[in-house]
Amino acid sequence: KKDEDYRFWKTQPVARFSEQVESEGPIDSSKTPDDIPAEPYALLKEFEWDTLDLEDKSIIMEVYELLYGNYVEDTDSTLRFSYSPEFLDWALKAPGWRKDWHVGVRVAGTKKLVAFISGIPVTLDVRGKVIDSAEINFLCIHKKLRSKRLAPVMIKEVTRRINKQNIWQALYTAGVVLPKPVSTCRYYHRSINWPKLNDVGFSPLPYGMTRAKMVAKYALPSETSTAGLRRMVAADVPAVHELLTKYLRKFELSQVFSQDEIRHWMIHDEEIADEKRVVYSYVVDSPDNTLTDFVSFYKLPSTVLGNSSHNSINIAYSFYYASTTSLELPRDDKAGVLNLQSRLQVLFNDALILAKQANFDVFNALTLLDNSLFLEDLKFGAGDGFLNYYLFNYKAFPINGGYLENGKLDGINRSGVAVVML
Ligand SMILES: CC(C)(COP(=O)(O)OP(=O)(O)OC[C@H]1O[C@@H](n2cnc3c(N)ncnc32)[C@H](O)[C@@H]1OP(=O)(O)O)[C@@H](O)C(=O)NCCC(=O)NCCS
């Protein structure tokens, strides 16, 4: 599709495929909140807007059910993301969250929730420019209401509500190609429970291999190897904040965290029961009581569609991490990169072991951050999926996605992307 074929997106302040970015910055900076309509956009008469109150557990359950049945599937419809209610509570109630950015659409007659889109506040750093933005996620329309041009109205409505708060930029990601990605990252998958992944059709048996050989290939030690590795606790928030801030600063597109945000994103609910835990964060203590490393992943299972032996696979996704290794060196320092690579290999091998202990079947990661340094060595395989990063109302030079045109990992430049979207 060309720019002009995007009937909706061609009307929006987004970068075009056809143009080269000459300077970075907002596309339209002419408006103030008073210029923005006070009333919601019109919907077809059988539907109505509803601002969802996610403090109410029964409303989180409605969003959960909508997504459970209708959210993103892989290309051949074997898997569908299965965000738990606890996950949605975590993802949608980040510090500074606003109820009116949780936008539902209901059937006017029955009040059934049939569509959803959300925004949360986020501070972005785009090549040194710090921008108060929104992060848009969980756009979902019930399967029976697809292709009726409802998505554009929902996108405009959430934009209106965000603009009313004097926020004019947003970050969003999608598997689909729209005008115009600022970066594209590739999904990698590291089998933990290979036989189960094979049973559900996710991991075919390679030619010339046996099941036993595949199991041996993905075997992991039962215990982690890094001395001082332990679960992150609330008292670690200031140190993790400092370490992660320094590490993320080296990237071209990163999230700027407050301490409150670190507490929320990395710890969430310390008391939560193990089976409901969403985010898993660990730190490495050094003998002098400073933190040398931090690593985290989150739990996002996928429903297995139409398989008689398994209903779901338990998936860990790589989240934020940071290391003091080579932290004071420029990102392209050759010796520094090698040291960081060794460190990340050990750290992520331990993350894989922790994920195995917590009963995950597979560990997924994108080619963002410095992931291109360790994915191959730790037996991650390239997936079919790509994730495009988009900025709304902001033009930026293209950012490396961590893989090369030939599909191989870019171990030299890695990625400039340091925002992990859920
Ligand atoms: C994505 C989804 C909401 C789109 O709804 P739809 O009924 O298929 O499409 P509509 O007729 O309402 O709107 C079509 C427009 O939305 C755009 N669109 C489709 N998917 C989009 C996405 N993920 N993000 C932004 N815009 C999108 C299309 O490009 C089109 O605009 P265009 O004319 O400029 O090309 C719907 O397919 C869905 O719920 N899919 C499953 C969940 C999902 O993929 N969510 C998005 C995660 S990023």
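Begin by selecting L369, which counts as buried because its relative accessibility is 0%, buried being under 20% relative accessible area, exposed over 50% and partly exposed in between, with a 1.4 Å probe and protein chains only. This is a predicted model, in which local features need pLDDT of at least 70 and side-chain atom pairs count only at pLDDT 80 or more, while totals for chains, interfaces and linings use all residues. Residues are numbered from 1 along each chain as its sequence is written, and side-chain values use heavy atoms, with hydrogens and water left out.

Stay with L369 and look at its backbone: phi is positive, at about 50°, although L369 is not a glycine. L369 sits in the loop between β15 and β16, where strands (E, at least two residues) and helices (H or I, at least four residues) are DSSP runs numbered from the N terminus.

Next, select S372, which is placed in the loop between β15 (362-366) and β16 (381-392). S372 counts as buried, because its relative accessibility is 7%. Show its side chain together with G402, and you will find that the side chain of S372 reaches the backbone oxygen of G402 at 2.7 Å, a polar contact being a pair of N or O atoms within 3.5 Å, where within protein one must be able to donate a hydrogen and the other to accept it, and residues adjacent in sequence count only if both atoms are side-chain atoms. Leaving aside residues up to four places away in sequence, S372 touches T367, G402, L409, D410, G411 and R414, contact meaning heavy atoms within 4.5 Å.

Now move to S147, in the loop between β5 (129-141) and α3 (150-163). Is S147 buried or exposed? S147 is exposed, because its relative accessible area is 77%, and its phi is positive, at about 60°, although S147 is not a glycine.

Then select P179 and K180, which are joined by a cis peptide bond with omega of about -20°. K180 lies in the loop between β6 (169-174) and β7 (183-191).

Finally, zoom out to the whole protein chain, whose secondary structure comes to eight helices and 17 strands. Its C-alpha atoms fill a box of roughly 60 × 50 × 45 Å, taken along the principal axes. Of the 422 residues of the protein chain, 53% count as buried, and residues 24 or more positions apart account for 74% of the contacts with a separation of 6 or more.
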